[in-house]
Amino acid sequence: TTDSDMTLTVDGNIALNAGTTSVNSTDIPLRKYSLPSSTVGDYSGGDVYYYGSGSTVKGSIYYMASGGGWTLADADGVSSASGLLAVALGTDPDVDGMLLRGFVTLLTEVEGTEAIGSVLYLSATDTGIATITAPTGSGDIVRVLGYSLHATDNQVYFSPDNTFVELA
């Protein structure tokens, strides 16, 4: 088949009767992502959420507050580090979108000297920023945000873990 043969348009419900059709890996195209450019807020694929209020800064990390607004994330507190996290893709969340998971270029230099593949955490020093050093202060939240994809250009795989640890 060619790419032009792989278009499916559906108006209504669709059902697959597995008893009459077999599906193998050559029938389903792979999702292929490349490294995003070094432009802040550029992303090359992932899950984007178009919802929420407030003004955001492209490339910064936010959490969704209880009222539906986006606020800069900070590892210094449970409420700002344990919930839904996203990277702003512009200044208006419901228009520009918030990247929940995917490949993106962050606004601010990742704290520390990261290498490709370095684990990233939410910073307890600066809001909305990633770091390679896990927070250590009492009451800080340790949560993996994703991984560095480039040693100097802030390109990351943003995939916040669903679990976190609050330090005593």
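Q: OK, contact means heavy atoms within 4.5 Å. Leaving aside its neighbours within four places in sequence, what is Leu-106 in contact with?
A: Leu-106 is in contact with Val-40, Gly-59, Ile-61, Val-87, Ala-130, Asn-154 and Val-156, once those sequence neighbours are left aside.

Q: Before I go on, what kind of model is this?
A: This is a predicted model, where local features need pLDDT of at least 70 and side-chain atom pairs count only at pLDDT 80 or more, while totals for chains, interfaces and linings use all residues. Residues are numbered from 1 along each chain as its sequence is written, and side-chain values use heavy atoms, with hydrogens and water left out.

Q: How many helices and strands does the protein have?
A: Two helices and 11 strands. Helices (H or I, at least four residues) and strands (E, at least two) are DSSP runs, numbered from the N terminus.

Q: And in what order do they come?
A: Starting at the N terminus, the elements go β-β-β-α-β-α-β-β-β-β-β-β-β.

Q: How much of the protein is buried?
A: 36% of its 168 residues count as buried. Buried means under 20% relative accessible area, exposed means over 50%, and partly exposed is in between (1.4 Å probe, protein chains only).

Q: Back to Leu-106. Which residues touch the most other members of the largest nonpolar core?
A: Leu-106 is one of them, along with Ile-61, Val-87, Val-104, Leu-122, Leu-145 and Phe-158, in a core of 20 residues. A nonpolar core is a set of buried Ala, Val, Leu, Ile, Met, Phe, Trp, Tyr and Cys residues joined through side-chain atoms within 4.5 Å.

Q: Which elements give two or more residues to this core?
A: Those are strands E2 (61–64), E4 (85–88), E5 (98–105), E6 (119–122) and E10 (155–158). Another core lies apart from it, with five residues, including Tyr-62, Trp-70, Ala-86 and Met-98.

Q: Why would residues like that group together?
A: In soluble globular proteins, nonpolar side chains tend to be buried together.

Q: Let's look at E5. Is it mostly covered or mostly open?
A: Mostly covered, as six of the eight residues in E5 are buried.

Q: How many bridges does E5 have with E1?
A: Six, and the two strands pair in the antiparallel sense. Two strands pair if DSSP finds at least two bridges between them. One of the bridges has Val-48 partnered with Leu-99 in E5.

Q: What about E4 and E10?
A: E4 and E5 pair in the antiparallel sense over two bridges, and Val-87 has Leu-99 as its bridge partner in E5. E5 and E10 are antiparallel as well, with four bridges; Gly-102 has Phe-158 as its partner in E10.

Q: New topic: how many aromatic pairs are there?
A: Three in the whole structure. Rings of Phe, Tyr and Trp (its six-membered ring) pair if their centres lie within 6.5 Å; planes under 30 degrees apart count as stacked, over 60 as edge-to-face and the rest as tilted. Tyr-33 and Phe-103 form a tilted pair, 5.2 Å centre to centre with 40° between the planes.

Q: What does that pair tie together?
A: Tyr-33 lies in the segment before strand E1 (43–49) and Phe-103 in strand E5, so the pair ties together parts that are 70 residues apart in sequence. Ring pairs also link Tyr-33, Phe-103 and Tyr-157 into a cluster.

Q: Is Tyr-33 buried, partly exposed or exposed?
A: Tyr-33 is partly exposed, at a relative accessible area of 33%. Another tilted pair is Tyr-49 with Tyr-51, 5.6 Å centre to centre and 35° between the planes. Tyr-49 is partly exposed at 31%, and Tyr-51 is partly exposed at 44%.

Q: Where is Ser-118 found?
A: In the loop between E5 and E6. Ser-118 is buried, with a relative accessible area of 16%. Its side chain reaches the backbone nitrogen of Ala-115 at 2.8 Å. Leaving aside neighbours within four places in sequence, Ser-118 is in contact with Ile-132, Gly-146, Tyr-147 and Ser-148.

Q: Last one: where is Leu-167?
A: Leu-167 sits in the segment after strand E11 (165–166) and is partly exposed, with a relative accessible area of 26%. Leu-167 and Ser-138 are 29 residues apart in sequence but 5.2 Å apart in space, C-alpha to C-alpha.

Key. A polar contact is a pair of N or O atoms within 3.5 Å; within protein, one must be able to donate a hydrogen and the other to accept it, and residues adjacent in sequence count only if both atoms are side-chain atoms.
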